[in-house]
Amino acid sequence: MWNAFFHRADYLAIKPEVLLTMFGLAVLLFDFLLEKRDKYLNAVLALIGLGFAALQLVLFWPLLAGQAAYSGFGGTLTLDTFAVYAKLIIVLATAIVVLLSMKYLEIEGAHYGEYYALLLFADVGMMFLVSGVDLIVLFIALELMALCEYVLTGFLRVNRRSNEAAVKFFLLGAFSSGLLLYGMSLLYAIGGSTKLGIIAERLRDRAPSDPICWLALITLLAGIYFKIAAVPFHQWTPDVYEGAPTSITAFISVAPKVASFAFFIRILIVGLWPMRAEWQLLTIGVAIATMTLGNFAAITQTNIKRFFGYSTISHVGYLLLGLVAAADGNREGLTAIVIYLLVYAFMNLGAFAVIIVMRRKDLIGDEIDDLAGLMSRAPGLAILMLIFLLSLAGIPPTAGFIGKYFIFLSLVETGHYYLAVLAVAYAVVALYYYFRIVVAMFMKKAPDAAPLATGPGLTVALSATLAMTLLIGIYPQPFILWAREAVRPFFS
Amino acid sequence: MRGGVVPKASGKQLSLWEQVGFYSSLGFIVPAAAVGGFALGWWLDRWLHTSPVLSLVMGMVGAAGGVVEILRILTRAEKHDDGNNSSAGPDAK
């Protein structure tokens, strides 16, 4: 079975992806055997698959920590601590989304096996995206992720808003992929190879003022900025967040962000390192614009999903600041990004879990006013939401503070004081708009006393996200050490 | 977008050949805007000796302009679609 092109080690490197693919296919088949009342078993099967993948990733860690990265499939894939760290966040985030989805899909009357299969296939795309060091692998992985996202966005087939969001997402996504592909083809023309390492070597040999290099950089970055929802390529975000099923909004806001940022870091730090002065310049401008628009546009939103769309945009701005510091060779800049991604995954999914609890058959529950009087109706839930919002705003001792602290630290260490001051100022703006929700929950009167959507899946998801949001905030040391180990491959 | 009909800004419908031309041009909008912006920036950089700032910034602004234009076309098509389905039907939520 093993030959010159496919070794046992190659198989081991993609074992988590293979597991998820098998479980995704199993869900599709298993779905046919299930009665309507037993559809939750699809979610259980998906969770088992995600559990096996997570276990395999955890087992990889001691083999790779402090060691050289494993390079597989003729140098097109790499398995290092960075890839394992990002994949683990993606798998855990997807597991939480599966838990959130069980009750939500039941309420929406759309509990089909394809949903969970698509989530697992999207994960496979994301996992290859964080491991890929070859332009072709990266593009295929990106498209696998994106195609599953488009279908999941339009999953509520009878809901017009869901369909419109999917069409808009698909068309704009297709154009951005085209732009990305232009950039990749220009990089191939420059490097004579699709491998990032070889492209970086060829870029070093070229004159820094070569306009072809700049054009490749612009088209590539524009495509990636679209994927991560950075300004001025963010327009799709609020519309898609609003129209997509809430559980998918939670998924899109977290897992693909982690994968896209990992891909972005790999391209910039490995492939485009010789052009770091140029991409740093662009990233500074885009980060400022992203933080500004995200924070100020969130203030005026009344729909909570659009609100979180703009909140996500502002968080992307903070993440980009970590890249600005990393361009100066600052290790803490990348450490800040990977910690921020971990923290953001749990606090954002926690907030979305509360929104899903608000969803009832007769009430969409996605207006900020729908949270009015939550403290009097369900005090425990209101306090949970308060903790997630404080974390999103970056208030200690929550996890969000640790993420923001490392971003500010990296900016100060690299002498970008004006960016650090701006980032702190926008954190104050963020506190204001997150507190709009707190005011609605604690100060306003409840419109009705109808029961909220609850279930074992939602309870586990809320408990897990709360535990991580508090644990990372109160005892961050092990998470910081893991994050430092995750970025080591870029600096060794 | 239903039926593949995109109206002109004036509200007048496009003929079949106009639609073919229109849809064929969509794929070129974003890259053409990016390359156009970049070319303008490069020329300005040479003139003002600011290389590579304006090339990079104008290229990015051009690409963003292309995306905004696509979004504008989509929004117009959606509005047109809503107009054709003003009775909304059972699937409207």
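**Reading chain A: values against definitions**

Author: Buried residues make up 58% of the 492 residues in chain A. This is a predicted model, where local features need pLDDT of at least 70 and side-chain atom pairs count only at pLDDT 80 or more, while totals for chains, interfaces and linings use all residues. Residues are numbered from 1 along each chain as its sequence is written, with chains lettered from A and ligands numbered from 1 in the order in which they are written.

Reader: What makes a residue buried?

Author: A count of neighbours. A residue is buried if 20 or more other C-beta atoms lie within 10 Å of its own, exposed if 12 or fewer, and partly exposed in between; the C-beta atoms are placed from the backbone.

Reader: How many helices and strands does chain A have?

Author: It has 20 helices and two strands. Both are DSSP runs, numbered from the N terminus: helices are H or I with at least four residues, strands are E with at least two.

Reader: Why is α3(A) called roughly parallel to α5(A)?

Author: Helix α3 (residues 40-64) and helix α5 (residues 113-131) of chain A pack at about 15 degrees, their axes 9 Å apart. Angles under 35 degrees count as roughly parallel, over 145 as roughly antiparallel, 65 to 115 as roughly perpendicular and the rest as oblique. So α3(A) is roughly parallel to α5(A). Axes are lines fitted to C-alpha atoms, for helices over the stretch in contact, and angles run from 0 to 180 degrees between N-to-C directions.

Reader: Which residues of α3(A) and α5(A) meet?

Author: N42(A), A43(A), A46(A) and G49(A) in α3(A) meet G113(A), Y116(A), L119(A) and L120(A) in α5(A). Contact requires C-beta atoms, placed from the backbone, within 7 Å. By class, five are nonpolar, three polar and none charged. Ala, Val, Leu, Ile, Met, Phe, Trp, Tyr, Cys and Pro count as nonpolar, Asp, Glu, Lys and Arg as charged, and the others, Gly among them, as polar.

Reader: What does chain A bring to its contact with chain B?

Author: Chain A gives 28 residues and chain B 26. α7(A) supplies the largest share of the chain A side, eleven residues. That side has 17 nonpolar, six polar and five charged residues.

Conventions:
Contact = placed C-beta atoms within 7 Å.
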